[in-house]
Amino acid sequence: MDLMLSEHAESMLHAVVAMGVLTFVMFLWMYATRIPAMQKAGIDPQQAMHPKSYKLPSEAARVADNYNHLFEAPTLFYAMVGVIVLLGHADATHAACAWAYVGFRVIHSIVQATFNRVVIRFSIFVLSWLALATMIIREAIAMI
């Protein structure tokens, strides 16, 4: 089935795929660090049933934390892109905001999974939220 989407709508949907790729990369990175860290610490895999019952080294924990964060605010991003595209409101500003959101989330993931400076990470998180908030507010106004 070939849908007739505007170039901006397609761009926004490509941004959703990019977020999916980021999430998949973080999934791979998480297990590439978590499994060896658990083995090195002698943690039985069954203990993962209660993640607070053991402590992983920061190098593994921060990657897992980032993976989990990709299921928080980004879920609203996915929903907003869907709403904007389905209602036919995709435009250059929405597409730019969608890609800005993805870019900031990529940078946020890299910062959190590597050197994890909270002030830098928080600033990037706020910038990602500004991009998402712009999408939300513009769509809310369009629906009035």
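The chain has five helices and zero strands. The model is a predicted one.

**Exercise 1. The chain as a whole**

Task: State the pattern that the chain follows along the sequence, the span of its C-alpha trace and the share of buried residues.

Solution. 
Step 1. Read along the sequence, the pattern is α-α-α-α-α.
Step 2. Along the principal axes, the C-alpha trace spans about 55 × 40 × 20 Å.
Step 3. Of the 144 residues in the chain, 33% are buried.
Step 4. Among contacts with a separation of 6 or more, 78% come from residues 24 or more positions apart.

**Exercise 2. Helices H4 and H5**

Task: Work out how H4 and H5 are oriented to each other, and which residues make the contact.

Solution. 
Step 1. Two packed helices are described by the angle between their axes and the distance between the axes.
Step 2. Helix H4 covers residues 92-113 and helix H5 covers residues 118-142; their axes cross at roughly 160° and come within 9 Å.
Step 3. Angles over 145 degrees count as roughly antiparallel. H4 and H5 are therefore roughly antiparallel to each other.
Step 4. Their crossing is left-handed.
Step 5. From H4, the contact takes in Thr 93, His 94, Cys 97, Ala 98, Ala 100, Tyr 101, Phe 104, Arg 105, Ile 107, His 108, Val 111 and Gln 112. From H5, the residues include Ile 120, Ile 124, Phe 125, Leu 127, Ala 131, Leu 132 and Met 135.
Step 6. Sorted by class, the contact of H4 with H5 has 14 nonpolar, six polar and four charged residues.

**Exercise 3. Helix H3 and its partners**

Task: Describe the packing of H3 against H4 and against H1.

Solution. 
Step 1. The axes of H3 and H4 cross at roughly 160° and come within 12 Å. That makes H3 roughly antiparallel to H4.
Step 2. The crossing of H3 and H4 is left-handed.
Step 3. On the H3 side the residues are Ala 73, Pro 74, Phe 77 and Ile 84; they meet His 94, Ala 98, Tyr 101, Val 102 and Arg 105 in H4. By class, this contact of H3 with H4 has seven nonpolar, one polar and one charged residues.
Step 4. H1 and H3 have their axes 10 Å apart and pack at an angle of about 160°. H1 is therefore roughly antiparallel to H3.
Step 5. The crossing of H1 and H3 is left-handed. Its contact is made by Ala 9, Met 12, Leu 13, Ala 15, Val 16, Met 19, Gly 20 and Thr 23 of H1, with Pro 74, Phe 77, Tyr 78, Val 81, Ile 84 and Val 85 of H3.
Step 6. The contact of H1 with H3 divides into 12 nonpolar, two polar and no charged residues.

**Exercise 4. Aromatic pairs**

Task: Classify the pair of Phe 24 and Phe 27 and the pair of Phe 77 and Tyr 101.

Solution. 
Step 1. A search of the whole structure finds six aromatic pairs. One of them is Phe 24 with Phe 27, at 6.3 Å centre to centre and 20° between the planes.
Step 2. Planes under 30 degrees apart count as stacked; the pair of Phe 24 and Phe 27 is stacked.
Step 3. Both residues lie in helix H1 (residues 7-41), three residues apart, which is about one turn of the helix.
Step 4. Phe 24 counts as partly exposed because its relative accessibility is 48%. Phe 27, at 32%, is also partly exposed.
Step 5. The ring centres of Phe 77 and Tyr 101 are 4.7 Å apart and the planes are at 15°, so this pair is stacked. The pair links distant parts of the chain, with Phe 77 in helix H3 (residues 73-86) and Tyr 101 in helix H4, 24 residues apart.
Step 6. Phe 77 and Tyr 101 are both buried.
Step 7. Phe 24, Phe 27, Tyr 31, Tyr 67 and Phe 71 form one aromatic cluster.

**Exercise 5. Arg 34**

Task: Decide whether Arg 34 is buried or exposed, and list its contacts beyond its neighbours within four places in sequence.

Solution. 
Step 1. Arg 34 lies in helix H1.
Step 2. Buried means under 20% relative accessible area. Arg 34 has 18%, so Arg 34 is buried.
Step 3. With neighbours within four places in sequence left aside, Arg 34 is in contact with Tyr 54, Leu 56, Ala 60 and Ala 64.
Step 4. Arg 34 and Arg 62 are 28 residues apart in sequence and 10.0 Å apart in space, C-alpha to C-alpha.

Technical notes:
Residues numbered from 1 in each chain as written. Predicted model: local features only at pLDDT ≥ 70, side-chain atom pairs only at ≥ 80, totals over all residues. Heavy atoms only, no water. Axes fitted to C-alpha atoms, helices over the stretch in contact; angles between N-to-C directions. Helix = DSSP H or I, 4+ residues; strand = E, 2+ residues; numbered from the N terminus. Parallel < 35°, antiparallel > 145°, perpendicular 65-115°, else oblique. Left-handed = near helix turned anticlockwise from the far one by under 90°. Contact = heavy atoms within 4.5 Å. Nonpolar A, V, L, I, M, F, W, Y, C, P; charged D, E, K, R; others polar. Phe/Tyr/Trp six-rings, centres within 6.5 Å; stacked < 30°, edge-to-face > 60°. Buried < 20%, exposed > 50% of the residue type's maximum accessible area, 1.4 Å probe, protein only.
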